[in-house]
Amino acid sequence: MAARGSIVGGALAPHPPHLVYAENPPQNEPRAECGWEVLRWGYERFRRDLAKHSIDVIVVLSAHWQTYIGNHFLGVPHFKSLSVDPIFPNLFRFHYDLKVDVPLAESICERAAQAGVVTKMMRNPDFRVDYGTIVSCHLTRPAWDLPIVAISSNRSRFYYNVEVMQEQMLALGRATREAIEASGRRALLLASNSLSHRHFTVEPEVPEDMSREHIYNHNQYLWDMRMIELLRSGKTREAVDIMPEFVEQSVSEADSGALTWLLASLDFPSQPAELYAYGNVIGTGNAVLAWLPPTPAAVS
Ligand SMILES: [Fe+2]
């Protein structure tokens, strides 16, 4: 008998390709000496905590799959290709091979449409999966042993304004939660985005030269700390309330809607988020933080 599904947990899982580059997985062509250890060790501790829980599927909303008419969902069971970062082809040439939970994607897509969000299933088998989805999923689950549901970022923040983005993401979050509960799946949710996102315009000769890595801008850093403190103290409704201001003032990748969607899907947890790491990548602010149950989820 299919048990009632649930969202096991959720995480802010940023996607700088530099982190995959520095890990040297076999799927990535470029080789690194080291780099961005604090964030990578944070991801490692997140993975260790995650291993205590039983999960069937990862649902990810990525800032780098950008669609202007609604939110799209990967709708093909299997994708295999090469993903090359357009800005950093020297760091990220990743051979991916992933499976999609198409029935769950269809269910979220349909429920969101019923709630008034424009949605579409993406059925092109030759579609190139975006590197945000790939990096966040790889750093969360490098074994690639679980299917994913990948959701695009509707650029409503740009096409309309940040308030429209907020409204749509709250509706999409509710639809995501309802669809997962009806599916019988145990799901982990990932918001694939950085916090503040002002970055360097010149890359060091050695990309992993950590003597060059630092906070880019004090005001952006202060915004990151404010957002992290809200999430760490369980003030997630307040975090959503200040999201428009945060997005405007810190050039945040939360402009993708991913973080608002995550918090809405989790129904605004009052449980403090566990912060695994905060660190900079080419000056951008990145936090790895998660809401996971305090004890292992019951295994049916
Ligand atoms: Fe990004």
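The points below treat a helix pair and then a strand with its partners.

1. The model is predicted, with local features requiring pLDDT of at least 70 and side-chain atom pairs counted only at pLDDT 80 or more, while totals for chains, interfaces and linings use all residues. Residues are numbered from 1 along each chain as its sequence is written.

2. Helix H6 spans residues 162–183 and helix H9 residues 243–250; helices (H or I, at least four residues) and strands (E, at least two) are DSSP runs numbered from the N terminus. Their axes come within 10 Å and cross at roughly 130 degrees. Axes are lines fitted to C-alpha atoms, for helices over the stretch in contact, and angles run from 0 to 180 degrees between N-to-C directions. H6 and H9 are therefore oblique to each other (under 35 degrees is roughly parallel, over 145 roughly antiparallel, 65 to 115 roughly perpendicular, the rest oblique).

3. Val162, Glu163 and Gln166 of H6 are in contact with Met243, Pro244, Val247 and Glu248 of H9 (C-beta atoms, placed from the backbone, within 7 Å).

4. Of the eleven residues in strand E2 (residues 57–67), nine are buried, that is, 20 or more other C-beta atoms lie within 10 Å of the residue's own, with C-beta atoms placed from the backbone.

5. E2 runs parallel to strand E8 (residues 186–192), joined by six bridges; strands pair if DSSP finds at least two bridges between them. Val57 has Ala187 in E8 as its bridge partner.

6. Six bridges also pair E2 with strand E7 (residues 148–154) in the parallel sense. Here Leu61 stands opposite Ile151 of E7.

Methods: Contact = placed C-beta atoms within 7 Å. Buried ≥ 20, exposed ≤ 12 C-beta atoms within 10 Å, placed from the backbone.
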